[in-house]
Amino acid sequence: EVQLMESGGGSVQAGGSLRLTCVVSGYTSSNYRVAWFRQIPGLEREGVVSIVTGSDISCQADFVKGRFTTSQDNAKSVLTLQMNSLQSEDTGMYYCAAGRWSGGTWTCPPLVHDYNYWGQGTQVTVSS
C-alpha cells in the first residue's frame, strides 16, 4: 500500500521560510512522479512542483519560480519543498501526491488527475 506523509507546515510572517517534507512508502517502482499541490480556500487544488524520482525531470509552477525549490532523496523516498519569500497568498493546505510514471508527455505544472496517491496535507499560514 502506497502511503505519503507530509510534515513541516506551520505559521510564518511574510518574507519567511518553511520546509515541507514528504515521505513516500510502499511504491514498488523505482521511477514514479511525486508532486506538491496546494489548496487555497475557495480555489481549486493547484500544482506547485513535481519530479520524477531518480531522474532530472522536474517542474515548477510559474508562481513559485525563484522562491521554492525541491530536492529528493531517492534512497529514503523523501521529497523536500523549500519555500522562501513566502507571501500571504501562499497560505493554504499543501498536499504531497504520487503517481505512476511511464514516460510520455510531461505536464507542468502538475495536474491532479495524474496522481493516484495523496497525503493528508499540511497547513501553511503566512501572515502579512
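Predicted model: local features only at pLDDT ≥ 70, side-chain atom pairs only at ≥ 80, totals over all residues.
Which side chain meets that of Asp-114 in a salt bridge?

1. The side chain of Asp-114 meets that of Arg-33 in a salt bridge, with an N to O distance of 3.7 Å. The two residues lie 81 residues apart and link distant parts of the chain: Arg-33 belongs to strand 4 (residues 32-39), whereas Asp-114 sits in the loop between strand 9 (92-100) and strand 10 (117-118). Arg-33 has a relative accessible area of 8% and is buried, because the cut-off for that class is under 20%.

2. The structure holds five salt bridges. A network of them links Arg-38, Glu-46, Arg-67 and Asp-90.

3. Arg-38 is buried at 5% relative accessibility, while Glu-46, at 25%, is partly exposed.

4. Arg-38 also meets Asp-90 in a salt bridge (2.8 Å, N to O). Arg-38 lies in strand 4 and Asp-90 in the loop between strand 8 and strand 9, so this pair ties together parts that are 52 residues apart in sequence. Asp-90 is buried, with a relative accessible area of 2%.

5. Turning to the sheet, four strands form an open, antiparallel arrangement in the order 1-3-8-7. Strand 1 (3-7) and strand 7 (68-73) are at the edges and have a single partner strand each, so one side of each lacks a neighbour in the sheet. From one strand to the next, the twist averages 15°.

6. Strand 7 pairs with strand 8 (residues 78-83) in the antiparallel sense over six bridges. Asp-73 has Val-78 of strand 8 as its bridge partner.

Note on methods:
Residues numbered from 1 in each chain as written. Heavy atoms only, no water. Pairing = 2+ DSSP bridges. Axes fitted to C-alpha atoms, helices over the stretch in contact; angles between N-to-C directions. Salt bridge = Lys/Arg side-chain N within 4 Å of Asp/Glu carboxyl O. Buried < 20%, exposed > 50% of the residue type's maximum accessible area, 1.4 Å probe, protein only.
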